[in-house]
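Dear colleague,

Please find below the structure that I am handing over to you, together with its sequence. My findings follow directly after it.

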Amino acid sequence: MPSIETVEREAMEAVAAASSTQELRELEIRFLGKQGVLTGLLRAIGQLPPEEKPRFGQQVNAAKARVQAAIDERERELKRLENAARFERERIDPTMPGRRWRVGRRHVLQATADRIKAVLGGLGFEYLESPELELFRYNFEALNYPPDHPAMDEQDTFYIDDQHLLRTQCTAIQGRVFERRKPPLRVFTIGRTYRNENVDRTHGHTFHQVDCFMVDEGVSMAHLKGTLGQFARSMFGSDVRVRFRPDFFPFVEPGVDYAISCPFCGGSGCAVCKGSGWIELGGAGLVHPNILEAYGIDTDRYSGFAFGLGVERIPMMSHGIDDLRHFLENDLRFLEQFPS
Ligand SMILES: [Zn+2]
């Protein structure tokens, strides 16, 4: 059996040579732990003559205390060194300029769409979505397009195959809703639409539309004008007026294009309204009875109105943006100009 002195010397040398606090922990267990080498010497006490027992016990405990003290001292030293090394590794240069914190924001079109959603939602319309990859049937047939209508031309529409296309108008949602639900209906959608256009300042292949419709008993042009007036006043200001002019769209009868009195000059004429006092926003009308009947809705009892408008038109008008292409180019110099 090794002597107390031998074990203590071995422990002291190991402690002095330890190069990390982790290593010290292991030495502490190895020499002083319950199964440790020094502690183990105490187990030999039974073989000693009775008169030597107390002295031996004292010697072992004194050796344990000295080793413990050495471990504690070495630990303080190593911690100092380890901290110094860590501080050196993590040193920062407070004179360096900081990195600019860039805050994300809603896209100007998203912000516009959110406003429209809030206004139409407040008027009691329910927001629904329908696919951008649409069936020919919903995009044209269901909307009362005659088979030879020029809008169906491949020149104007992105066809995927004979049945599928990228929707050219959000109005395509109507057939999908009429198919599943019965009146009374108040529904709107906002989403991307696609046209096979040559891109320039005022034409894009991808743009956004709102389509809104209501079907109930006795719905008339008066309801349409009242709703559009309320919508326009909420969006553009309390003194905005709405003007209807006859127009033709296959899915409405009668059809109108509608304009609002220019919110920038009050109707007296300015650069935004090009001196006319009016700004055209979109098309509207009463839902064509052919459409309602095709979905089994009794047109003696029910009628409906529908209107649509382009989302881009609104920020273009209110921020004086003259090029449609900016919206989809993701240039932060453009996008960061708008409040989120
Ligand atoms: Zn004006």
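In this predicted model, the largest nonpolar core comprises 44 residues. A nonpolar core here is a set of buried Ala, Val, Leu, Ile, Met, Phe, Trp, Tyr and Cys residues joined through side-chain atoms within 4.5 Å; buried denotes under 20% relative accessible area, exposed over 50%, and partly exposed in between, for a 1.4 Å probe and protein chains only. Ile116, Leu120, Phe236, Ile260 and Phe307 have the most contacts inside this core. With residues up to four places away in sequence not counted, Leu120 touches Phe125, Phe188, Val210, Cys212, Phe231 and Phe307, a contact being heavy atoms within 4.5 Å. Another core, of 25 residues, lies apart from the largest one and includes Met152, Phe178, Phe251 and Ile297.

As to the conventions, residues are numbered from 1 along each chain as its sequence is written. Because the model is predicted, local features need pLDDT of at least 70 and side-chain atom pairs count only at pLDDT 80 or more, while totals for chains, interfaces and linings use all residues; side-chain values use heavy atoms, with hydrogens and water left out.

One joins Pro183 and Pro184, with omega of about 5°. Pro184 is situated in the loop between α7 (173–180) and β4 (185–194); helices (H or I, at least four residues) and strands (E, at least two) are DSSP runs, numbered from the N terminus. The other runs from Glu253 to Pro254, with omega near 0°, and Pro254 belongs to strand β7 (residues 252–261).

Positive phi values in residues other than glycine also deserve a mention. Lys274 has phi near 55° and sits in the loop between β7 and β8 (278–287). Lys274 is exposed, because its relative accessible area is 75%. For Asn330, phi is likewise near 55°, and the residue is found in the loop between α10 (313–319) and α11 (332–335). The relative accessible area of Asn330 is 56%, so this residue is exposed.

Finally, I draw your attention to Arg180 in helix α7. Arg180 counts as exposed because its relative accessibility is 57%. The side chain of Arg180 reaches the backbone oxygen of Arg176 at 3.3 Å. Arg180 and Tyr295 are 115 residues apart along the chain, and their C-alpha atoms are separated by 9.2 Å.

With kind regards

Conventions: A polar contact is a pair of N or O atoms within 3.5 Å; within protein, one must be able to donate a hydrogen and the other to accept it, and residues adjacent in sequence count only if both atoms are side-chain atoms.
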